[in-house]
Amino acid sequence: MTAPLLSVRGLRKRFGGLVATDGVDLDVVEGEIHALIGPNGAGKTTLITQLFGELTHDEGAIRLSGEEIGALKTPQRVARGLARTFQINQLLPDFSMLDNVALAVQAHAGHSFRFFADARRDEGLRSRARQHLAAAGLSHRAETKVADLSHGEQKQLEFAIALACEPRLLLLDEPMAGLGHAESEQMVAMLSALKGRVTMLLVEHDMDAVFKLADRISVLVYGRVIATGTAEEIRDNPEVRTAYLGEGDA
Amino acid sequence: MSDNTIERAAPAPLAIGTLLATLLLAAALIALPFAMQALGQPALVPLASRVLIYAVAAASLNLALGFGGMVSFGHAAFFGVGGYVVGILYQSYTGDEPFLGLIPGTDQLLITLPAAILVAGLLALVIGALSLRTSGVQFIMITLAFAQMLFFLFVSLKVYGGDDGMTIRRRNALFGLNTRDDATFYFICLAVAAVVFLLFWRIVRSRFGLVLAGIRQNERRMAAIGIAPYRYKLAAFVISGMGAGLAGALMANYMRFVSPDMLHWTKSGELMIMVILGGVGTLLGPLLGAAALVTLETVLTSWTEHWQLVLGPVLLLVVLFTQGGLNGLLARLRPGRSAR
């Protein structure tokens with residue numbers, strides 16, 4: 001078997017006395033959708049944030065295709081093929097949707113020390129960006145300012161921006177949170193359409209979505225991975241039932 | 001997708017209205033000295049030169065403050081150093097004593113202006129490289145501290161006049177022009193200002209400009225798409241410092257005098273007031289702000305020496321009620337157009 005795309009070993013993070021990540025081991029295999037579930041406060045977002053380099057870990061190793069990336073800063077990790085969406089939207093509110101995506105395309109196209117040509121008239125960037133917006137079903141709102149969008153649209157835009165980074169591994173932090181039923185279904189459809197083309201680590205509370213999408217599931221409780229397996233294995237795991245599913249959260 | 005929301009697929013070509021307004025402004029600025037002459041008010045020409053010089057300085061600050069979100073309270077450092085480059089080069093030229101025994105002096109504007117830009121840029125590189133490791137209030141304070149350090153340095157440098165500053169007997173020479181002539185000097189300032197505003201107009205729309213605006217809005221988002229903000233902020237800060245240095249060099253020529261006053265923190269404050277008065281993060285705002293402040297100062301000082309007592313409330317009203325300074329006010333007079 002080839003090395004997993006993402007391999008995390010013994011990852012640890014302390015905030016004072018609180019151990020937020022307590023020796024996490026995790027493998028994400030190329031092409032899979034790997035869901036990460038767990039009760040509130042289990043440290044899912046903290047883990048994502050460390051994988052993405054926005055928070056430094058205290059101990060452990062993070063490898064992407066066998067290459068250690070734990071010491072790299074976020075932009076460098078993005079250059080190696082990582083991208084994430086945020087649970088709390090991180091967008092450019094004064095810019096249009098198209099601007100937001102075009103900037104991601106631009107960032108992917110090399111340095112931006114270009115001072116003279118009008119970037120909004122750069123058809124190369126703009127048409128790529130429009131494709132990504134179309135793929136996310138947002139074409140009709142391309143010129144709308146982000147501040148004027150609904151929460152659901154912003155969520156979809158987060159996703160379109162992440163895809164514009166053309167990642168090998170996409171870290172999704174609760175992409176369905178706060179979405180209505182129809183929007184949620186749309187997001188599930190988008191994710192499953194991408195399945196196989198982009199490897200994903202999916203943090204999500206919506207269990208229907210998780211069981212529908214995930215090839216494998218890892219369960220995080222109190223900063224530890226207590227189980228990893230297919231949907232059936234996780235559903236039948238007694239430890240998981242008591243720690244998580246039994247709490248009525250599902 | 002849905003056909004009830006009609007959106008433009010591409011940005012509209014440069015609106016005719018904007019183009020017309022720009023041409024009108026340019027024509028008015030070119031005609032100004034002749035008009036003043038005809039109206040029998042030639043004393044207003046130097047005032048207009050002052051406006052243009054401050055407009056260059058304020059526009060430069062605005063690149064960092066308005067477009068880049070870096071609230072620098074130390075731009076007097078670059079403005080003043082630009083002035084001192086002109087002063088020191090002139091002193092070396094007349095005294096026939098190379099600066100530091102190495103660099104020969106000059107009175108040629110085509111050398112002093114680039115020299116001022118270069119020195120101010122290098123200074124901005126050093127100050128920026130250190131200051132940009134902080135943000136928010138710390139950034140404001142550290143830029144202020146650097147500028148004040150420079151202020152006290154020049155106060156103590158007796159070779160360059162210390163507190164009293166240094167007089168530049170003649171304005172720098174440009175080709176065979178009589179730079180002493182108010183109208184001639186005005187046109188030099190106008191040419192420089194036109195180039196600077198044209199450059200900034202390009203920069204804010206470029207890839208670099210969009211990245212800068214993105215960093216102002218959300219640094220975390222920019223890092224997440226693979227952009228390391230520091231380098232871009234530093235580049236913008238350096239460009240901003242270079243512009244302020246250029247303005248300082250023009251100001252030294254205009255006044256034929258340089259003193260630590262140009263480096264004082266109140267000068268940084270004045271530049272900031274111009275930016276805020278005119279409209280933060282707008283292209284033409286700094287020009288409007290500079291015009292407003294210089295005019296206010298001139299008119300009000302003829303009434304009372306406590307003119308700032310009136311300036312304060314005016315500034316308050318503008319900030320509270322115009323939403324985007326004078327530029328925002330102008331934009332709202334033209335219906336159907338946004339402030340930017």
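Let's start with two helices of chain A in this predicted model: α3(A) and helix α4 (residues 123-135) pack with their axes 8 Å apart, at an angle of about 115°. Angles of 65 to 115 degrees count as roughly perpendicular, and α3(A) and α4(A) are therefore roughly perpendicular to each other. Their crossing is right-handed. On the side of α3(A), the residues that make the contact include A:Met97, A:Leu98 and A:Val101, while α4(A) brings, among them, A:Leu125, A:Arg126 and A:His132. By type, the contact residues of α3(A) with α4(A) are eight nonpolar, two polar and three charged.

Helix α3(A) also turns up where the two chains meet. The contact draws 32 residues from chain A and 27 residues from chain B. On the side of chain A that touches chain B, α2 (74-79) and α3 (97-108) are the elements giving two or more residues, and α3(A) gives the most, with five residues. That side divides into 17 nonpolar, seven polar and eight charged residues.

Next comes the sheet of chain A. It is open, has six strands in the order β6-β7-β8-β3-β9-β10, and its pairing is mixed. The edge strands, β6 (82-85) and β10 (224-229), each pair on one side only. On average, neighbouring strands are turned by 20° against each other, direction ignored. β6(A) and β7(A) pair in the parallel sense over four bridges, and A:Thr85 has A:Leu172 of β7(A) as its bridge partner.

| Helix of chain A | Strands touched or crossed | Angle |
|---|---|---|
| α1 (residues 44-51) | touches β3, β6, β7, β8 and β9 | about 150° with β7(A) |

Conventions. Residues are numbered from 1 along each chain as its sequence is written. Chains are lettered from A and ligands numbered from 1 in the order in which they are written. This is a predicted model: local features need pLDDT of at least 70, side-chain atom pairs count only at pLDDT 80 or more; totals for chains, interfaces and linings use all residues. Two residues are in contact if their C-beta atoms, placed from the backbone, lie within 7 Å. Ala, Val, Leu, Ile, Met, Phe, Trp, Tyr, Cys and Pro count as nonpolar, Asp, Glu, Lys and Arg as charged, and the others, Gly among them, as polar. Axes are lines fitted to C-alpha atoms, for helices over the stretch in contact, and angles run from 0 to 180 degrees between N-to-C directions. Angles under 35 degrees count as roughly parallel, over 145 as roughly antiparallel, 65 to 115 as roughly perpendicular and the rest as oblique. A crossing is left-handed if the near helix is turned anticlockwise from the far one by less than a right angle, and right-handed if clockwise. Two strands pair if DSSP finds at least two bridges between them.
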